[in-house]
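Please look at the sequence and the model shown here before reading on.

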Amino acid sequence: MHDRRTSGKVLLTVYFWAAIAFLIFPIFIVLPISFGESQFLRFPPETLGWRWYRTYISDPVWMSATFVSLRVALISSVLATILGTMAVLGLERGEFRHKTQLTYFVTLPIIMPHIFIALGVFIVAINLGIADSEFVLAGAHATISIPFVVLIVGGALRQIDPTIERAARILGASPVRAFFAATFPSLLPAVVAALVFTFFVSFDELIIAEFVLSSKETLPMRIWADLKLDVSPTVAAVASILIVATTMAMTGAELLRRRSANLT
């Protein structure tokens, strides 16, 4: 029996690292290609330089798509974080029936294919005459981001000792003041982590943006269009920037999440 358990652990470890290697292997291809000077995608690159990074920064089409993505992601992440945190407080503190079913409903967009959400948003936007709007896209992105806020902030809230807030109430603080004075400081790292995570959920989303926007492009839309028409090494440079930025931001968000857990 012991040998069987040992073999199972070894196989599970090998499978885990094989899966990790499979997922990160493309990074070790894209990063070197982005520094190539060749007109075409070539691996390994013959000469190294910053040509395609300069092309990306100096191209008004690429930069316009980048700023659209930044605006949409910022609005979406703030909206999703506020609404998701309020939903967590309602679900955790509220006294009502079918709380479990409502929690499942709030987190449903995680498992729902984005194509269905995109089609629904597109139909509603067309009927209301508000299609091709960054705010509509930000709202749609907030919809698919709220479940992540509920999971991140909800997990942190459940680890916070509620007696601290009760003590503040006993000492005369109002419910709102007691929450912000006793609970919110411990919850803040998880809220910031959720904000960072939802920012990149919106920034990297493609399907809904393809349905909602027509006269503008987000950065994923620009990348997709470039891949369909002319595979330029500029795509590798943009992908490399996104890889580095996402890795740094998500690492920081994870550190904040762990800090939140340790504080509680």
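The following paragraphs describe the fold as a whole and then its parts.

This is a predicted model, in which local features need pLDDT of at least 70 and side-chain atom pairs count only at pLDDT 80 or more, while totals for chains, interfaces and linings use all residues. Residues are numbered from 1 along each chain as its sequence is written, and side-chain values use heavy atoms, with hydrogens and water left out.

The protein chain has 12 helices and zero strands, where helices (H or I, at least four residues) and strands (E, at least two) are DSSP runs numbered from the N terminus. The C-alpha atoms of the protein chain fill a box of roughly 70 × 65 × 30 Å, taken along the principal axes.

Helix 4 (residues 60–93) packs with helix 7 (residues 134–158) and also with helix 9 (residues 175–203). The table lists both pairs, with axes being lines fitted to C-alpha atoms over the stretch in contact and angles running from 0 to 180 degrees between N-to-C directions.

| Pair | Axis distance | Angle |
|---|---|---|
| Helix 4 and helix 7 | within 5 Å | roughly 40° |
| Helix 4 and helix 9 | 8 Å | about 140° |

The angle of roughly 40° between helix 4 and helix 7 makes helix 4 oblique to helix 7; angles under 35 degrees count as roughly parallel, over 145 as roughly antiparallel, 65 to 115 as roughly perpendicular and the rest as oblique. The residues of this contact of helix 4 with helix 7 divide into 18 nonpolar, eight polar and five charged, where Ala, Val, Leu, Ile, Met, Phe, Trp, Tyr, Cys and Pro count as nonpolar, Asp, Glu, Lys and Arg as charged, and the others, Gly among them, as polar. Helix 4 and helix 9, at about 140°, are therefore oblique to each other as well, and their contact has 13 nonpolar, nine polar and one charged residues.

The structure holds three salt bridges, each a side-chain nitrogen of Lys or Arg within 4 Å of a carboxyl oxygen of Asp or Glu. In one of them Glu-134 pairs with Arg-71, the closest N and O atoms being 2.9 Å apart. Glu-134 lies in helix 7 and Arg-71 in helix 4, so this pair ties together parts that are 63 residues apart in sequence.

On the surface there is a nonpolar patch with about 920 Å² of accessible area together, whose residues include Phe-105, Ile-111, Leu-151 and Ile-207. Such patches are made of residues with over 30% relative accessible area and no salt bridge, with nonpolar side chains (Val, Leu, Ile, Met, Phe, Trp, Tyr) joined within 5 Å and like charges within 9 Å; accessible areas come from the Shrake-Rupley method with a 1.4 Å probe, and for residues only the protein chains shown count as cover. Helix 5 (99–106) and helix 6 (114–128) each supply at least two residues of the nonpolar patch, and Phe-105 has its place in helix 5.
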